[in-house]
Amino acid sequence: MATLPTTVNSTSAGFQPAFKYVGTSDRHACALASIAIIASASFDDVRIQAENLGMPKTGPYYQWIDADFIAKLLAHFGWVATVWKEGSIAANLPDLCMALVDYDVDWEVGRFVVIHKAKTTHDAKIIQYAIDPAAKELKQQIRTDLNVLKPAWYIGVHPMNKTTVKAGK
């Protein structure tokens, strides 16, 4: 079952992200890699499920990956996606989201990153960090300088509530 981590392990020297980095060398697949990060799934598992939902085997994928498609794909892995919302101030973003950075207004495209906000274990301060699946350099894969990334739009993500159906109803 999907759970949203509310803390990250930390020391005074740094922190360990609650989500594991999943990268992609395909510049059109950062949305799929972001979903893999949130779902704790492999990139291939997410790609196969995306293809099962109708996405072609080769990119570019941007015309397929809209809010409805992201919601369906996340739901398969036990997560719920909100609608697109504007969000240029990192501090105002929800505890977990897929955000578009390097957004081009004319083309209405950007690069997906996962942004997570949680308490640190060593001092209980809130830390907000991004996991960038398209980043090649290690120091840019997990980063806390979110204002440099300049998120433009985001889709909030939270675990799906599992309900039980009572017999006879």
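Is Tyr-129 buried or exposed, going by its relative accessibility? At 0% relative accessibility, Tyr-129 counts as buried, where buried means under 20% relative accessible area, exposed over 50% and partly exposed in between (1.4 Å probe, protein chains only).

The model is a predicted one, in which local features need pLDDT of at least 70 and side-chain atom pairs count only at pLDDT 80 or more, while totals for chains, interfaces and linings use all residues. Residues are numbered from 1 along each chain as its sequence is written, and side-chain values use heavy atoms, with hydrogens and water left out.

A search of the whole structure finds two aromatic pairs, a pair being rings of Phe, Tyr and Trp (its six-membered ring) with centres within 6.5 Å, whose planes count as stacked under 30 degrees apart, edge-to-face over 60 and tilted for the rest.

| Pair | Centre to centre | Angle between planes | Class |
|---|---|---|---|
| Phe-15 and Tyr-129 | 5.1 Å | 50° | tilted |
| Trp-84 and Phe-112 | 5.9 Å | 35° | tilted |

Phe-15 lies in strand 2 (residues 14-16) and Tyr-129 in strand 6 (residues 126-131), so their pair ties together parts that are 114 residues apart in sequence; strands are DSSP runs (E, at least two residues) and helices likewise (H or I, at least four), numbered from the N terminus. Phe-15 is partly exposed at 24% relative accessibility. The other pair links Trp-84 in strand 3 (residues 79-86) with Phe-112 in strand 5 (residues 109-120), 28 residues apart; Trp-84 is partly exposed at 28%, whereas Phe-112 is buried at 7%.
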